[in-house]
Amino acid sequence: RHVDYYAAHWQGPWNHGLQQDLALLRIGCAYPPGAWGERPMKWRARAVQHMIKAFTDSPIGPAVDPQGATNEQSTAYTKFAYDWWKTAEQRVAACGGRLPGEISARIARMPIFLAHATQPDGKFAQIGDTYVTGPRDTPGTPLQYVATRGAAGSPPAQRVAVYSAGYVFGRSGWGTARPFAAESFYSLRFGRGRQVHGHQDHMSLTYYARGRNLIVDSGHTGYEVSPYRMYLRSPEAHNVLVLPGVPFSGAVRTDLT
């Protein structure tokens, strides 16, 4: 009864829903297919159905869009989502299934996004709920190059990347003409109103140069319910123009023109 309830109450196309799908799939694949009136087969199918549904449009967008960007509005959660979606591919295959090719293609584009989001110090630009953290060395992807700061692997072909999910990343280079750490880097934010792990950071700027952060994001300290947490997510905590005394609407999208 507990697992039936779990299967019927999906939390949606973001990391909580994916964690739910992974657990449901693991439960379904742990029992003989014919047990309890073939319920394990239904649990397996429901988990995969949810995973596929997560890539369709929704009020918060697809879990991963065609460019490999997530709907979490956080660079660190893109890293987590990449690890979890790779796990999903493996578990679906181990259970005798396969995710559609377009989903696998989107997952395969996530390392390029993460590479572009990495500063010359090897850490992600702290956009959204992102601690001071960096990419994991992942051979065969651009993450190997940025995680080793140019010591192994190959960099992306472009120095500037624009993502319709609401990001612009740019840099002076990938460390091919000078040390990786000596490059400069910037990020810009636009797109949907704040959701999931995002901040009120539209039109914000980060800038890294001369071996250190020069313009920073507010960062992330955890999920305590406090005025400080609310402040860290607010426009006033980011590098944006604020108008004192003018009502702010965080649900409004910002377009890149």
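**The second largest cavity**

Author: The second largest cavity has a volume of about 40 Å³. A cavity here is a set of points on a 1 Å grid, over the protein atoms alone, where a 1.4 Å probe fits but cannot get out. Volume is the space filled by probe spheres set on the points, joined across faces, edges and corners. The model is predicted: local features need pLDDT of at least 70, side-chain atom pairs count only at pLDDT 80 or more, and totals for chains, interfaces and linings use all residues. Numbering runs from 1 along each chain as its sequence is written, and side-chain values use heavy atoms, without hydrogens and water.

The lining (an atom within 4 Å of a point) consists of K79, Y82, D83, L114, P135, R136, T138 and L143. Four are nonpolar, one is polar and three are charged; Tyr and Pro count as nonpolar, Asp, Lys and Arg as charged. Helix 4 gives the most, with three residues. Helices are DSSP runs of H or I, at least four residues, numbered from the N terminus.

Now the packing. Helix 4 meets helix 5 (residues 101-116) at about 145 degrees, with the axes 10 Å apart. Axes are fitted to C-alpha atoms over the stretch in contact; angles run from 0 to 180 degrees between N-to-C directions. The contact (heavy atoms within 4.5 Å) includes K79 and Y82 of helix 4 and L114 of helix 5. K79, Y82 and L114 also line the cavity. The contact residues divide into eight nonpolar, three polar and three charged.

Conventions
1 Å grid on protein atoms, 1.4 Å probe; cavity = no way out; pocket = protein on both sides within 12 Å on 5 of 7 lines; lining within 4 Å. Helix = DSSP H or I, 4+ residues; strand = E, 2+ residues; numbered from the N terminus.
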